[in-house]
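Visitor: Could you take me through one part of this model up close? I'd like to hear about the salt bridges.

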Amino acid sequence: MLADALVSWLSRCGENDLIALNAKKFTSSNVPEDEGGMTESDQRTVLEQFHTGEVKVLVSTSVAEEGLDIRQCNIVIKYNHIGNEVSKVQTQGRSRTFGGVSILLAFPDILERERMNCLRAELMKKALDKIGEKNQAEFRRAVNEYQSQLFLLWDLAEREEALRRLQMRDVPFKVQTRTQQVERHHPTEAPEEQDVCKIREAAEASLSKDRDA
């Protein structure tokens, strides 16, 4: 496994400064040990050694992104690995000390995806800040309005599907079996087309009003 290989190299590379880092691997407890995983007990031991400074480098899989509180970490180096904007924020949160940094070493296509993650993370932060500016009643009203529009559109989609089925109900189709062909029809009912048009007009008017606002 790559984590084992890196730890092994750091331990026998001949560079005293690197050997003194006492690198240890940190991998998932959901993976068997013979496939590179660790037990939860081993995970706790390694984290405690890192907290005390006995271990100065953790060679980890993506499991280290998932909510671990490693306050002593001052630098995170990722190699050809990114997630989405959420995991990017989580990775930045791993370097908790003042002046901590996160570094990505990757191929150009992965770097481009990470740049997009940076933009999305910034938009996410702005959205959360905007939400924080609203009082509870105003925020609840905005959410209720948005949900009402979604329900209206969902209802429209269901009625359009029902209308389509109604229009197709007199179209026969055949079910082929090994011994026979059975001719069947669609037994279904649907709302009037006029109702669908009314719902569509209401939904479009509501969305248009929001865009103008």
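Guide: Helices here are DSSP runs of H or I with at least four residues, strands are E runs of at least two, and both are numbered from the N terminus. Keep in mind that this is a predicted model, where local features need pLDDT of at least 70, side-chain atom pairs count only at pLDDT 80 or more, and totals for chains, interfaces and linings use all residues. Residues are numbered from 1 along each chain as its sequence is written, and side-chain values use heavy atoms, leaving out hydrogens and water.

A salt bridge means a side-chain nitrogen of Lys or Arg within 4 Å of a carboxyl oxygen of Asp or Glu, and the structure holds eight of them. Let's start in helix α5, where E112 and R115 sit three residues apart, about one turn of the helix. They form a salt bridge with the closest N and O atoms 3.0 Å apart. E112 is partly exposed at 39% relative accessibility, and R115 is too, at 48% (buried is under 20% relative accessible area, exposed over 50%, partly exposed in between, with a 1.4 Å probe and protein chains only).

E114 also makes a salt bridge, this one with K78, at 3.8 Å between the closest N and O atoms. E114 belongs to α5 (residues 108-133) and K78 to strand β3 (residues 75-79), so the pair ties together parts 36 residues apart in sequence. Both E114 and K78 are buried.

Over in helix α6 (residues 136-168), D155 and R159 are four residues apart, about one turn, and their salt bridge has its closest N and O atoms at 3.2 Å. Elsewhere, E161, R164 and R165 are linked in a network of salt bridges.
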